[in-house]
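Hi everyone, thanks for coming. Let me put a protein on the screen and walk you through it slowly.

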Amino acid sequence: MLTISDRHDVLILSTKRSFCGGEGMRQWLYDIRNERNLSQAYVALNAKISRQYYNFIEHGERRPSPQVAKRIAKVLDFPSEWYKLLES
């Protein structure tokens, strides 16, 4: 969604995304990966999936299988909470 606002004669453009539920990006997953300074390619390689598939998971476009969720959680160092990847 593109938002346009006019404040004090300054035109501000911002792009907003939905970060909750099954729709939109899994912001928490993105944040964990970035806190660890890991690329999508690194996570995907070590989880034995394609980078594109990981991108789809991170952006909420795909839901991983339990096996894939466990591997991603292990790479990102939250193995006991792998089931969060299955939630919407």
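**A walk through the fold**

Let's start with the contacts: among those between residues at least 6 apart in sequence, 41% join residues at least 24 apart. Please keep in mind that what you see is a predicted model. The protein has 88 residues, and 28% of them count as buried.

Now to the helices. Two packed helices are described by the angle between their axes and the distance between the axes. Which residues of the two helices meet? From helix 1 we have Leu 29, Tyr 30 and Arg 33, and from helix 3 we have Tyr 54, Ile 57 and Glu 58. Sorted by class, this contact of helix 1 with helix 3 has four nonpolar residues, two charged ones and no polar ones.

Helix 3 has another partner, helix 2, which covers residues 40–47. The axes of helix 2 and helix 3 come within 8 Å and cross at roughly 110°. That makes helix 2 roughly perpendicular to helix 3. On the helix 2 side you can find Gln 40, Ala 41, Val 43 and Ala 44, and they meet Arg 51, Tyr 54, Asn 55 and Glu 58 of helix 3. The residues of this contact divide into four nonpolar, two polar and two charged.

Let's zoom in on Arg 33, back in helix 1. Is Arg 33 buried or exposed? With a relative accessible area of 7%, Arg 33 is buried, because anything under 20% counts as buried. What does the side chain of Arg 33 reach at 3.0 Å? The backbone oxygen of Leu 38. Leaving out residues up to four places away in sequence, Arg 33 touches Leu 38, Ser 39, Gln 40, Val 43, Tyr 54, Glu 58 and Leu 76.

Next, aromatic rings. How many aromatic pairs does a search of the whole structure find? One. The pair is Trp 28 with Phe 78: the ring centres are 6.0 Å apart and the planes are at 75°, so the pair is edge-to-face. This pair links distant parts of the chain, with Trp 28 in helix 1 and Phe 78 in the segment after helix 4, 50 residues apart. Phe 78 is buried, with a relative accessible area of 8%, whereas Trp 28, at 31%, is partly exposed.

Last stop: the backbone. Most residues other than glycine have a negative phi. Here, Asn 37 has a positive phi of about 55° although it is not a glycine. Where is Asn 37? In the loop between helix 1 and helix 2. Its relative accessibility is 71%, so Asn 37 counts as exposed. Asp 77 also has a positive phi, near 65°, and is a residue other than glycine. You will find Asp 77 in the segment after helix 4, and Asp 77 is exposed too, with a relative accessible area of 55%.

Notes. Residues numbered from 1 in each chain as written. Predicted model: local features only at pLDDT ≥ 70, side-chain atom pairs only at ≥ 80, totals over all residues. Heavy atoms only, no water. Contact = heavy atoms within 4.5 Å. Helix = DSSP H or I, 4+ residues; strand = E, 2+ residues; numbered from the N terminus. Nonpolar A, V, L, I, M, F, W, Y, C, P; charged D, E, K, R; others polar. Buried < 20%, exposed > 50% of the residue type's maximum accessible area, 1.4 Å probe, protein only. Polar contact = N/O pair within 3.5 Å; in protein donor to acceptor, adjacent residues only side chain to side chain. Phe/Tyr/Trp six-rings, centres within 6.5 Å; stacked < 30°, edge-to-face > 60°. Axes fitted to C-alpha atoms, helices over the stretch in contact; angles between N-to-C directions. Parallel < 35°, antiparallel > 145°, perpendicular 65-115°, else oblique.
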